[in-house]
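Open the model in a viewer and keep the selection panel at hand. The tour goes chain by chain.

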Amino acid sequence: MPDTTVLDGIAHEPGVAKPDPILVADGVVRRFGGLTAVDVKHFEVQRNTITALIGPNGAGKSTFFNLLTSFDTAQEGSGTFDGDPLRKVSPHKVARSGMVRTFQLTKALEGMSVMDNMRLGAQHQPGESLLTAFVPPLWSKREREVTEQAHDLLHRFKLYAKRDDSAGSLSGGQRKLLEMARALMSKPKMVMLDEPMAGVNPALTESLLEHIVELKHEGMTVLFVEHDMHMVRRISDWVAVMAQGQLIAEGPAGTVMQNKAVQDAYLGEHHDTDLSEGN
Amino acid sequence: MDILINALEQMFTPATAAFAIAAIGLNFHFGLTGLLNMGQAGFMLLGMYGYAISIREGLPMWLALLVAMGAAILFGLLLGWPTLKLRGDYLAIVTIAASEIVRYVGRSNTLVDVTGGSLGIKGKDYKGPLEELSPFPDERLSVGPFTYHGSASDSWWLRVVAWSLVALLLLVFWRLSNSPWGRVLKGIREDEDAVRSLGKNVYWYKMQALIIGGVIGALGGVIWAHGSAVVADAMGRPTTFWVWTILLLGGAATVLGPVVGSVVFWAALSLVRAVAKEFIPESILPSTAIEPFGLMLVGIALILIVVFRPQGILGNKKELAFHA
Amino acid sequence: MFTRPDRRFYRAAALLLVAAAAFVIATLVIGGGPADAETVEPVAAGTSTATLVIQNVINGLAFGVLLALAAVGLSLIFGTTGLSNFAHGEQVTFGALLTFFLSTNEQVTIPLVPGSFTIGLPLWLAAIIAVIVSGGTGWLQDKLLWNPLRKRRVAVLQQMVVSIGLSLALLNMLQWWMGASRHRLTNASGGRITFGDFYIGTQTLMSVVIASIALLAVALFLLKTRLGRATRAISDNPALAAASGIRVDSIIRLVWVMSAALAGLGGILLALFDNGAGFDSGARILLLMFAAVTLGGLGQAFGALVGALVVGVVSEVSTVVIAPDMRYASALGILIIVLLVRPQGILGTKERVG
C-alpha cells in the first residue's frame, strides 16, 4: 500500500514544498493577448499520491494542465518532471518520459477499433518506424505483447467485449474508460486526467473512481482536474485550488474547503456551490 | 460497340495507370493521414522533369528515377516544414501554390534550355532507355480488339510496366497501412492531439506521409511522361483535382480505391464524350464544347460523391478521412 | 476576427513599405536591368531601372486594389463559415464574361440553346446587371448548396472539396459558354495620364477609383452598420453570436450575396485593367487571391486589402528581375515565405492559428 501519511506534516499553503515531488512547476506565466490566464509561482506534486486541481470556471486549470503537459507553451517559467526539465519539450516527449494525459473532451480515435486505440498507446513498437514497418517479423513479436497487455487492460476496464467495435460506437463513459486504459498502455509514471468525470453517467463514475485509486496502488502518481467536489473529497490525498490564474490554496480536501480564500473564489463565481457539503 | 471497346481501352491505358499511381500517393496523404495535399500535380511534374532531364543529360535510367524521387522528397520537405504544424487548410493553400510555381517556372521561357519552356521535353529525349528494355517486338501487335505498338511510347510494354508498378505500389500501401506505422497515421487522421498525448512525434509522421505520397506521385508522373510527353501545362490544378476525384470516387483509405477510381473515372469520361458526340446534335452541343462538357460532369460528380457518398465506391462509412 | 484597423494595421503598412523599399534597393543594387521586362505596355527603351521599378509599383498597387476587391469576398466567407472557397475564381470570371455577354455587339450564344443573338447594352448598364446577377448566384449557391451542407454538419474540409468540384464544373461551364478565347469588354483604348516619367491608363485609374469606393463601402458596412457588426460577431464566435440572437443563417446568406457581387465587380474591373477576360481569368488569379487573404491573416477582411497590395506590388515589381511569365510565381513564393516566418499572416494575431 502506498504511504499516504507522507503529506501529513506539510503546511497547508499554496506552493508548499513536498518531500518527494515528481512534478515541479516554477514561475509559470501564460498570457493570451492582454489577459494573464496562468500565473503560478510554485507548484509541486508529491510522488504516488492523487492530487486534485480544482477551481471555479475560468480559473486557468485547463490552461495550466496544458502547460504542464507541453500542449501549450508558457511565456515564462520552468518545470521538471521526475528530475528532467520540461521547458520547450514537445508534448510527445513529455508523454514518452512517462507523463500521459487525457482530455476534457474525450479524444477516442473514433474511426479505429477499440483494440487499435489501445495498441496505439504502447511504446517501443519497432513497427511504428517506416522502414521496419515493411518487415512484419521485426515487429510482430512486440505486437503480440502489446495485444496481450491490451487484453488485460480491456478486461480490467470492462471493455473486452467491445474490443473489435469502432471506438465511435462507445458511450461517453466508455470512451473515458478507453482513454484512460489507452494512456496506461505506455506504463506511465504519472497520469494527468482532465475532468475524468465530465459527462460520465453515475453508474460508471463509481468504477472510474476505483480505477483512479487503483492507479495509485500500482505506484503511479495522479493529477486530475475536477469540478465535482464529492469526487475530489473521496479520492484525493491533496487538493490544489486555482482562481484567476493563481494557486490560492493547497491542503487535504477537508482543510481546503474551509479556506476563506477558496470560499470567496467560489462564491464570487457560483453563489449556489455549497462547499461544506460537497455536491 | 466501338464506344464500349473504346471505354474498355481507356481502362488500361498508361494514363489510367499513372493517375492510379498518383492517387495511391494521395491515399497516403489524405486517406491514411488526412493531409490535404492540393499539389499532387506538382509532385508529378517534378518527377517528370527530374526523370526526363536526367536521361536527356545522359544519366542511366535507374539514376534518373532516383533523381525524380529525390526531387519529390525535397519538395515534400520544403512544403511540409512550414505547414505541417499549422491547420489543415494552410497545407492545402501552400501545396497548390507551390505546385503552380513549379508549373510557372517549368513553362517559363527563362528556363527553356532546361525544361523546354511551354512546349516541354520531347519523348525521344527520354523514352529510349525504358523502351530498349522491352521484350516485345518493335511493331504493332493486336490482341483481340486492341492494337498497340509493342515497345514504343503508348505501347504494350509500357502497359505492362505501368500496371506492374501499380501492383507493386498497392502492395506497399497494403503492407504499410496495415502496420503499426499505418496505425499511427490513421490515429493522426482521427485526432492528432490524442496521438501526440500517446508519445508519437506527429509532425515527423506527417512529414513521412507527405514525402512517401509525393514520391509515389512523382513515379506516376514518370509513367504519364512515358505515355505522352513532359508538358508543364498538362500538370496544372485540374490534374490535382482529377486525382482527388479518382481517390474519393474509388474510396479513400482503401487499398484498391485509387485503382478502381482511376479505371471508372477514365472509362466514364470516355463514355460521356463518345455518347455526347454520337447522340447530341452539333447545333446543341458543338464539338468544341464536348471536352468542357465532359469535365463539367467531372466537377459535378466530385460534388455528388463528397456530399452523398464520401466513402466512395469501396470505402467504409465509419472510417472516413474527412474530419472537421 | 475583423478588428478595426488599429496599431497592427500601421505596423503592417510599415512592414510593407520597408519590404517594398528593400526590394527596390535590392533590384537597383543587383541592377540586372530590364532583361526580359515586357510589361503590357512596354516602357520606352533607355529608361532607368529605378523608373521601371516605380512604374511597376504603380501598376502593382493598381492591380493590388482590384485584387483586393475580388478577394475580400473570399475572406468574408472564410471568416463567417470557415470555408476556403475554391470556386471563388469562377465567380470573378462570371462577372466579367456576363458583362461582355450583355454589352458586346458580337453574336453570342447560350449553351444548349440553338441560335445566336446580340444584346448590346451599354457597358455601364451591362456591368450593373452583371454585378446584380453575380450577387444572385451567391444567393442561389448558398440556398441550394452551402446552407444544406452546413445544416447536415458536413465538415469544413469536406465542403472545401465540394467547392473544388464546383470550381471544376463552373470553369468548364464557362468555357462551354464563352469558348476558349479572350474577350474585350471595350474596344476603346482609353488614354493615359502621364506625370513626369510615369503614367497610368485612364481605364485603370477609373477601375481603381471604383474599386476603392467599393472597398470603402465594405469597410463602412462592416464597421458602422448593425448587419456589419453582426457579420463580425459571427466571425469571432458563431455560437455566441447565435446565442445572442443574431440570425446566423441570414447573415451568412448575405455574406454569400455580397461576396459573389464583389467578386463579379472585381472581375469586371480586372477585365478592364487587363484588356479582356477569358474563361479562366478568375482561375488564374484564384491563388493570388488566396495568397492575399492568407498573407493578411485568414478571415481578416482588412488583412485581405494589405495582402492584395503586397501580392500586386510583388508580382509586378518582380518582372524587373525575372521574366514576366513567372511573375505570379514570385507572388506565390512570397506567400510561402510569409507562412514560414509569420504563419498567422501580416495582420493576424498569433493565438488564432491551430
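**Chain A: the sheet**

Select Met192(A) first: Leu223(A) of E8(A) stands opposite this residue. The model is a predicted one. Now widen the selection to strand E7 (residues 190–194) of chain A and strand E8 (residues 221–225) of chain A, which are parallel and joined by five bridges. In general, strands of a sheet pair through backbone hydrogen bonds, either parallel or antiparallel.

Next, show the rest of the sheet. In chain A, six strands make an open sheet with mixed pairing, and their order is E6-E7-E8-E3-E9-E10. Which strands stand at the edges? They are strand E6 (99–101) and strand E10 (246–251) of chain A. Each has a single partner strand, so one side of each is left without a neighbour in the sheet. From one strand to the next, the twist averages 20°.

Then colour chain A by domain. The domain assignment gives domain 1 as 4–108 + 188–269 and domain 2 as 110–169. The C-alpha centres of domain 1 and domain 2 of chain A are 29 Å apart.

**Chain B: helices around H12**

Move to chain B and select helix H12 (residues 237–250) and helix H13 (residues 257–279). Two packed helices are described by the angle between their axes and the distance between the axes. For H12(B) and H13(B), the angle is about 115° and the axes are 7 Å apart. H12(B) is therefore roughly perpendicular to H13(B). The crossing of H12(B) past H13(B) is right-handed.

Show the side chains where H12(B) and H13(B) meet. The residues from H12(B) are Thr245(B), Ile246(B), Leu247(B), Leu249(B) and Gly250(B). Those from H13(B) include Pro258(B), Val260(B), Val264(B) and Phe265(B). Sorted by class, the contact of H12(B) with H13(B) has eight nonpolar, five polar and no charged residues.

The axes of H2(B) and H12(B) come within 9 Å and cross at roughly 75°. H2(B) and H12(B) are therefore roughly perpendicular to each other. On H2(B), the contact residues include Phe19(B), Leu26(B) and Phe30(B); on H12(B), they include Trp242(B) and Trp244(B). This contact of H2(B) with H12(B) has ten nonpolar, two polar and no charged residues.

**Where chain C touches chain B**

Show chains B and C together. How many residues does the contact take from each chain? It takes 40 residues from chain C and 43 residues from chain B. On the side of chain C, the elements that give two or more residues are helix H5 (156–178), helix H10 (281–296) and helix H12 (327–341). H5(C) gives the most to this side, with 15 residues. By class, the side of chain C that touches chain B has 30 nonpolar, nine polar and one charged residues.

**Chain C: a hairpin**

Last, select strand E3 (residues 192–195) and strand E4 (residues 198–201) of chain C, which pair antiparallel over four bridges. Phe195(C) has Phe198(C) in E4(C) as its bridge partner. E3(C) and E4(C) form a hairpin with two residues between them. In the turn, Gly196(C) has a positive phi of about 65°.

Methods: Residues are numbered from 1 along each chain as its sequence is written. Chains are lettered from A and ligands numbered from 1 in the order in which they are written. This is a predicted model: local features need pLDDT of at least 70, side-chain atom pairs count only at pLDDT 80 or more; totals for chains, interfaces and linings use all residues. Axes are lines fitted to C-alpha atoms, for helices over the stretch in contact, and angles run from 0 to 180 degrees between N-to-C directions. Angles under 35 degrees count as roughly parallel, over 145 as roughly antiparallel, 65 to 115 as roughly perpendicular and the rest as oblique. A crossing is left-handed if the near helix is turned anticlockwise from the far one by less than a right angle, and right-handed if clockwise. Two residues are in contact if their C-beta atoms, placed from the backbone, lie within 7 Å. Ala, Val, Leu, Ile, Met, Phe, Trp, Tyr, Cys and Pro count as nonpolar, Asp, Glu, Lys and Arg as charged, and the others, Gly among them, as polar. Two strands pair if DSSP finds at least two bridges between them. Domain bounds come from an automatic or database domain assignment.
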